[in-house]
Amino acid sequence: DSASISAARGLASKWQLLGGNDAALWGLCKGSGKNPYQTVIAAGDLVSKCSCPSRKFPCKHALSLLQVASANPEKIMAAESPDWVQAWLDKRSSAQEAKAARAEAKASKAADPKQQQKTAAARAKKVSAGLADLQLWLQDLLRNGIIHTDNQRGEAFPAMAKRLVDAQLAPLAQELQRLALLPAGQQEELLYGLSKLHLLARSYANQEQLSPAWQAEIKTRLGFPQAKEEILAGAAVADRWRVVGRLELEQQRGTSLHYYLFGLETKRFALLLDFTMNNVPPTLPPLAVGTHYDAELCFYAGINPLRALPKTLNFNEEALPLAAPAEPLQETWAGAQQAIAANPFLGHWPLWLRGVHYVQRGEAGGLSDGRQVLPLALNPNEKIQLLASSSGGRAGSAFVLHNFNDGRNRLLSFLPEAAHA
């Protein structure tokens, strides 16, 4: 991101013992601690490793090392890899070989139809048993009263979540863990979350009566993967896509990157997911908010799907204006309600608002079209940026992500009206 690149430029004078060869590029960067940070970049795919505590990938030290090597290659001394560099290269090579072996074994195993059928049957049995236990557990909660769960959530919910993990129902376990952390007294959100879990369990039990699209939706929500090859083999939606939002969410082993795109012709939203886990680089290029791509996107199977995979993705420097929607804020919001009515398992839904400006109501703020106000959950930096963009009451287009679980609206991006021309 731009902040990391800017921070990297400020490190140019802090490098010591810069070196490189056909295998890697490395250096020691002086930090705030006693020992300098050890930074290494593989020559082939530019994957980096740094001893700094940053969880960003690549970190500012790796970006700075690339900048120095590009701008001043004479500063990089040709040399044999130091022990710490060679150790990382060897470990990475071994990991790549092991990964390739696992992939080969998996492909061989997947090619056996009988083994595939056996594996699928075993998982289905685990899932059904786990969902049956979940329904009994939910019935006990309701019998005792939701209001009495505040004192039990610290123990009862994690225990049930562990049972769901054992049943290969990780998404449901994560949702239960989220509900366990809700503040006391939020029975409405708690009941809403538990109701969705119950509906998912019942829907899976009755999946034979559902359409193929609904079956795919239910199984995806339960954690069954959709094969990328099958998704990319399906119909693609071609458009000029504008990147309207980018979110980074911390995971246990890394970071998930959520890119929200909006089709200028189709007026359709898409979500591209990417991950940085255990120093594994993301598969997508960095998609900056406000940029445009000519792309063919293949959407996952389901009901009102947002998530997609790019079949083609080509940057386009030309910025086309956003055409104004025909509906006011009230009708845009009604579209979100139609989406959740069509698919009650939705967690989030993006909205496009045109002709809105920021208003402050006491401690809270929101976007107004002059008739109604959509409240926003803003951190201090987002509030400052929005105030600067809509100073003087300037209207513009806003892309907002609504959370159906807690009712909050998160600003993805705001484009002043003058920038549309």
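Predicted model: local features only at pLDDT ≥ 70, side-chain atom pairs only at ≥ 80, totals over all residues.
1. Lys267 first, then. Its phi is near 55 degrees, a positive value in a residue other than glycine. As for cover, Lys267 has a relative accessible area of 38%, so this residue is partly exposed.

2. Buried or exposed, then, for Leu17? Exposed: the relative accessibility of Leu17 is 67%, and the cut-off for that label is over 50%.

3. Five strands make an open sheet in the order β4-β3-β2-β1-β5, and the pairing is mixed. The edges are β4 (48-50) and β5 (77-78); each has a single partner strand, so one side of each has no neighbour in the sheet. As a reminder, strands of a sheet pair through backbone hydrogen bonds, either parallel or antiparallel.

4. Within that sheet, β1 (residues 15-20) and β2 (residues 24-29) run antiparallel and are joined by four bridges. If you want a spot to check by eye, take Trp15, whose bridge partner in β2 is Cys29.

5. What lies across this sheet? Helix α2 (residues 60-71) does, covering β1, β2, β3 (37-42) and β4. Against β3, helix α2 runs at about 65 degrees.

6. Next, Trp84, in helix α3 (residues 83-110). Which residues does Trp84 touch, leaving aside those up to four places away in sequence? The list is Trp26, Gly27, Leu28, Gln38, Thr39 and Val40. For a sense of distance, Trp84 and Asp133 are separated by 49 residues in sequence and, C-alpha to C-alpha, by 50 Å in space.

7. The axes of α5 (residues 153-166) and α6 (residues 170-180) come within 8 Å and cross at roughly 175 degrees. An angle over 145 degrees counts as roughly antiparallel, and therefore α5 and α6 are roughly antiparallel to each other.

8. Who meets whom there? From α5 come Arg153, Phe157, Met160, Ala161, Leu164 and Val165, and from α6 come Ala170, Leu172, Ala173, Leu176, Gln177, Leu179 and Ala180. By type, this contact of α5 with α6 divides into 11 nonpolar residues, one polar and one charged.

9. Finally, the overall picture. The protein has 11 helices and 15 strands. Its C-alpha atoms fill a box of roughly 70 × 65 × 50 Å along the principal axes. How much of the chain is buried? Of the 421 residues, 40% count as buried. The protein exposes about 23300 Å², with carbon and sulfur atoms supplying 54% of that area. As for contacts between residues at least 6 apart in sequence, 59% join residues at least 24 apart.

How values were computed
Residues numbered from 1 in each chain as written. Heavy atoms only, no water. Axes fitted to C-alpha atoms, helices over the stretch in contact; angles between N-to-C directions. Helix = DSSP H or I, 4+ residues; strand = E, 2+ residues; numbered from the N terminus. Parallel < 35°, antiparallel > 145°, perpendicular 65-115°, else oblique. Contact = heavy atoms within 4.5 Å. Nonpolar A, V, L, I, M, F, W, Y, C, P; charged D, E, K, R; others polar. Buried < 20%, exposed > 50% of the residue type's maximum accessible area, 1.4 Å probe, protein only. Areas by Shrake-Rupley, 256 points an atom, 1.4 Å probe, with all protein chains shown as cover. Pairing = 2+ DSSP bridges.
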